[in-house]
Amino acid sequence: MTSSELETKDKITFVHGEDFARKMDSEDNLRDFRSEFLIPRAADGKECLYFAGNSLGLQPNNAKKYIDEELEDWAKLGVEGHWDARHPWLPYHEFLTEMSARLVGALPIEVVVMNTLTVNLHLMMVSFYRPTKTRFKILIEQNTFPSDKYAVDSQAQFHGFNPQEAVIEQKPRSGEATLRTEDILETIEKQGDSIALILFGQVNYLSGQAFDMEAIARAAHKKGCTVGFNLAHGAGNLLLKLHDFDVDFAVWCGYKYLNAGPGALAGCFVHERHSKQFDLPRFAGWWGHDKSSRFKMAPDYQPMPGAEGWQLSNPPIFQLAALRASLELFDKATMVALRAKSEKLTGYMEFLLKSIPNEFVSIMTPADLRARGAQLSTRVKGQPKKLLEHLQSHAAICDFREPDIIRVAPAPLYNSFTDVYQFAGLVAEFAKQGG
Ligand SMILES: *Cc1c(COP(=O)(O)O)cnc(C)c1O
């Protein structure tokens, strides 16, 4: 499947009024997944309108159950739990591999759950940012997540380059808020010979713009650049085909759309073609060592093939348990169905917000479904912080980014069309009161 085929198939006409929201909910095959989550409640006991799943996903009911199981097995078995726990700890991360692979469109050998996001980003750059005197630049998108900018700057510095020269930012055209694919491709075409690595947030955290990974990867490889993506805002959100898109590596976190809790474990993808490239420089640890001989404790490092070969430590089992609870839900729902619902849910939010009179809300996220996921980044007339207060006082949760961006992300696993209807109603009410 190519990214251009990922367009929505069933176009839908949105209608005003609560009846429409109720009808959409009643026809929604995924509606029962909501009850698999703990929805935060306001002081009066009412469920919140939760639209911050792009920042911290909600807790699956089973997270506690699965963590409790590990606590019990640890209490009962001590060290023997590594082999005898209901889910033995030695291979525990493997219980998440196939589900992670399906989530991002990868082969099992290409993915592993380990560490946290920025750690994985650095580990990937150790292997895939290998600058030379003439090819040393890193191309990123402007307004990249600050942590990613710090990470690439420090990698350039580590290799003896001045980040001001080595790190180049793709900027939007003047007067535009998002990037054009053609401009990204032109930069790669023109400057590719000096670019060692292209690293984009697959969905930009601020604008909500999703980039055409496949086109970027193709252009990058044509010019001999390696290409990686940060899927922090893409995993569990968009329909991904990482293997087919042919990116060299990707990383993502577990706590945004993936609902594995604050500071959750992260994912990592290394394309199959690198799976046996044992000569790639890498930072090693015993968990990346060939598992059949790991416990011989030999001094020479023999990495496992595939993404697992980048593991460092034996992983935190409670964290893996929480992520397992969430990945099971994604697996049951399937990303294809989730994405189909997400397009409708976010489209409905867009429709309602845009119909508030006097263009009170403007949306910087592209309208093109191929160029966005669940999130809409909005700007309102007047004072956005006042609107946030209004929303908060009605138990609606979304997030604010300086200077004036309110990000709203309906999550198809647990948000309903009625949630969207009520949320947009609160914004409309605020606008009517004069903003
Ligand atoms: C959320 C996010 C991060 C956060 O990094 P952690 O290592 O998980 O703290 C980094 N980059 C992007 C693009 C993000 O969206």
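Predicted model: local features only at pLDDT ≥ 70, side-chain atom pairs only at ≥ 80, totals over all residues.
Let's start with strands E9 (residues 249-252) and E10 (residues 266-270), which run antiparallel and are joined by 4 bridges. Helices (H or I, at least four residues) and strands (E, at least two) are DSSP runs, numbered from the N terminus, and two strands pair if DSSP finds at least two bridges between them.

Residues are numbered from 1 along each chain as its sequence is written, and side-chain values use heavy atoms, with hydrogens and water left out.

Now, which way do the side chains of E9 point? Phe-249 and Val-251 go one way, Ala-250 and Trp-252 go the other way, and all are buried. Buried means under 20% relative accessible area, exposed means over 50%, and partly exposed is in between (1.4 Å probe, protein chains only). In a regular strand the side chains alternate between the two faces of the sheet.

Next, hop over to Glu-141, which sits in strand E5 (residues 137-141). Is Glu-141 buried or exposed? With a relative accessible area of 2%, Glu-141 is buried. Leaving aside neighbours within four places in sequence, its contacts (heavy atoms within 4.5 Å) include Gln-170, Leu-179, Leu-199 and Asn-204. Leu-199 is 58 residues away from Glu-141 in sequence, yet their C-alpha atoms are 7.8 Å apart in space. With Asn-204, the side chain of Glu-141 makes a side-chain polar contact at 3.0 Å. A polar contact is a pair of N or O atoms within 3.5 Å; within protein, one must be able to donate a hydrogen and the other to accept it, and residues adjacent in sequence count only if both atoms are side-chain atoms.

On to charged pairs. Side chains of opposite charge can pair when their charged atoms come close. How many salt bridges does the structure hold? There are 29, each one a side-chain nitrogen of Lys or Arg within 4 Å of a carboxyl oxygen of Asp or Glu. Take Arg-102 and Asp-331, which meet at 2.8 Å, N to O. This pair links distant parts of the chain, 229 residues apart: Arg-102 is in helix H4 (residues 97-104) and Asp-331 in helix H11 (residues 317-333). Asp-331 is partly exposed, at 26% relative accessible area.

Glu-343 and Arg-339 form another salt bridge, at 3.2 Å, N to O. They are separated by about one helical turn, because they lie 4 residues apart in helix H12 (residues 335-354). Glu-343 is buried at 9%, and Arg-339 is buried at 6%. Elsewhere, Arg-173, Glu-176, Arg-180, Glu-182 and Asp-183 are joined in a network of salt bridges.

Finally, the cysteines. A disulfide is a covalent bond between the sulfur atoms of two cysteines. Here the cut-off is a pair of cysteine sulfur atoms within 2.5 Å, and the count comes to 0 disulfides.
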